[in-house]
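Subject: Structure handover

Hello,

Here is the structure to look over. Please open it first and then read the notes below it.

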Amino acid sequence: MSHYCLVVDLNLCTGCMSCEISCKQENDVALGQYWNKVLRIGQGDSTDTFKQYWMPTMCQQCADAPCVNVCPTGASYRNEDNMVLINKEKCIGCRYCMMACPYGVRSWNKTQKCVEKCTMCNQLTSAGEKPACVKNCASHCRFYGDLMTRTPTCRRSWHR
Amino acid sequence: MNAKKCFDADFTNPGKSKILRNPGGSELVGSFETGVAKGYPWAHTEEQLMDEFMDTQLDPDTGKRMTWDDLLKKGGFEYAPEKEWRQYYVYKTIDPATGKPIGFGTPSGRVEPYSEITVKLGRTGYPFSLCNEGLIELDSSKSAEYEPVPYYEEPAENPNDDKDYPLALTEGRVPIYHHGTLRNVPWLREIMPTAEIWVNPKDADKYGITHKGWVKVESRRGETYARAIVTNGIPERMVYQERFWNPELLQSDPYGSWNAMNVNVLTKNDPPYNDVYGTYTLRGFQVKISPVDKNPYDGIWTEPEQFEPWLPLTDTKPGTATSGSWQQLDDTTGTATTVEDNDWCPDPTKM
């Protein structure tokens, strides 16, 4: 069974937001909505112990995806490659999946009145290209590939 | 005498003096007076003039002198071949004459904390001044003109005993912008629509600042506004603000917007100056902050949806876009209209 996924090496991420912007350009995501968002995470009770890092968040392609389990119409589904995707034609806009998503990475499309999320740039990856965020990552910290077959790009990060 | 020299092609442009002569050599084609009468002393047509401007340009392919026509055929620019790119570790290149690395472009070939080139530039204008041509040699046996090693000096506004302005402000950058560029990209501005000022939680308690609340920042020179980010990422008695020159205030006061959130109205430009280059203190001066109840200016865009007028137009025909303008096709009528780049900025009177 394949498990296509985006892997991010947080040690390399510089918080340049290239992935966020290129995602919005490629997929025409509305202002205020994010399929991929870079969070600024700061931890520490004092300045001496304070540590900050950048955390890009996007669909994690869960092995047991709650969004697929709760969807009443089957709009959230797994395709033949085991990817979690959304069939917008079937989506009735109940937004159960947005509540169920443990990572909060689903977004609401106001104009189409349906739920959207990272498709790992299916339109590009199915044609053999890399997702827009991976192509445009300035620090080369994003990898796309199949975790199960251990494709070279993913494996590099996987074994680090 | 001097006035005539100003117009003398031989004087103002010595390298071009031969163009006053005919292709054969010695005889002058035109005198000073007749040349001016025709517009240029050395050329009778625009193409001829451009030819002369191309005088020093060599065709990289053939190594011969290029003419204006050659340039037109070649196009406006050309990429340098890869071997001519700027390389790293040039100083390690072995000089064939000595067999040693060529080093840096300094008199000693080494890294010089005390820059003699800078001193020479300051004293004589070499190499940018044409007057001295580098003929003046400085006496390097003299004592140093400036202190080459960094040293400590008390800041002019001392954070330790400043009662009126208790916080030291430092400036910085964010990776998504560079100076003023990209500030009009809606996807970037929704991330950071307004200026941010980082405040330590203890200072925030002390001055009543709330996270994401508006803050008035004052220094001895002026006052401006920002939104607070309360974080432990900045120590106590210090604040950080990015050099935000926006918001644009398109709907209220576009021409007055430059001081709404501009940290430059706070910075100081009086002594002490840098010994060598004369720069003044842009980072590290004293400010005070106070909370502001509401949005201090009308028409500040803070929500992502407000940046929608700046989104690129989607109904464009692929391949028709040019820099500055592009064709927009109307689906119902089938007519094409040219959209200028300025249309990205909405007309404040129509909003």
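A residue is called buried here when its relative accessible area is under 20%. The model is a predicted one, which applies to everything that follows.

Helix α1 of chain A

By that cut-off, C19(A), E20(A), I21(A), S22(A), C23(A), K24(A) and N27(A) are buried in α1(A). The helix spans residues 18–27, and because seven of its 10 residues are buried, it is largely enclosed by the rest of the structure.

Where the chains meet

The contact between the chains draws 19 residues from chain A and 21 residues from chain B. Together the two chains bury about 1500 Å², and carbon and sulfur atoms account for 61% of that. Two salt bridges are counted between chain B and chain A. A salt bridge joins the side chains of R40(A) and E196(B), with an N to O distance of 3.8 Å.

Nonpolar cores

The largest nonpolar core has 63 residues. Which of them touch the most other members? They are L6(A) from chain A, and L169(B), I197(B), V217(B), L266(B), V287(B) and I289(B) from chain B. Beyond its neighbours within four places in sequence, I197(B) contacts a list of residues including V215(B), V217(B), I229(B), V239(B) and I289(B). Another core, of 11 residues, lies apart from the largest one; its members include A75(A), V84(A), C97(A) and C114(A).

A buried asparagine

N262(B) sits in the loop that runs between β5 (238–242) and β6 (285–292) of chain B. Is N262(B) buried or exposed? Its relative accessible area is 7%, so N262(B) counts as buried. Setting aside residues up to four places away in sequence, N262(B) touches T224(B), F244(B) and W245(B).

Rings

Over all chains, the search of the whole structure gives nine aromatic pairs. In chain B, ring pairs join Y89(B), Y91(B) and F104(B) into a cluster. Chain A has charges placed over rings: the charged end of K37(A) is 4.1 Å from the centre of the Y34(A) ring, and R95(A) lies over the face of W108(A), 4.0 Å from the ring centre.

Regards

Notes
Residues numbered from 1 in each chain as written. Chains lettered and ligands numbered in written order. Predicted model: local features only at pLDDT ≥ 70, side-chain atom pairs only at ≥ 80, totals over all residues. Heavy atoms only, no water. Phe/Tyr/Trp six-rings, centres within 6.5 Å; stacked < 30°, edge-to-face > 60°. Lys NZ or Arg CZ within 6 Å of the ring centre and 35° of its normal. Core = buried A, V, L, I, M, F, W, Y, C linked by side-chain atoms within 4.5 Å. Buried < 20%, exposed > 50% of the residue type's maximum accessible area, 1.4 Å probe, protein only. Contact = heavy atoms within 4.5 Å. Helix = DSSP H or I, 4+ residues; strand = E, 2+ residues; numbered from the N terminus. Buried area = accessible area lost by both parts, 1.4 Å probe. Salt bridge = Lys/Arg side-chain N within 4 Å of Asp/Glu carboxyl O.
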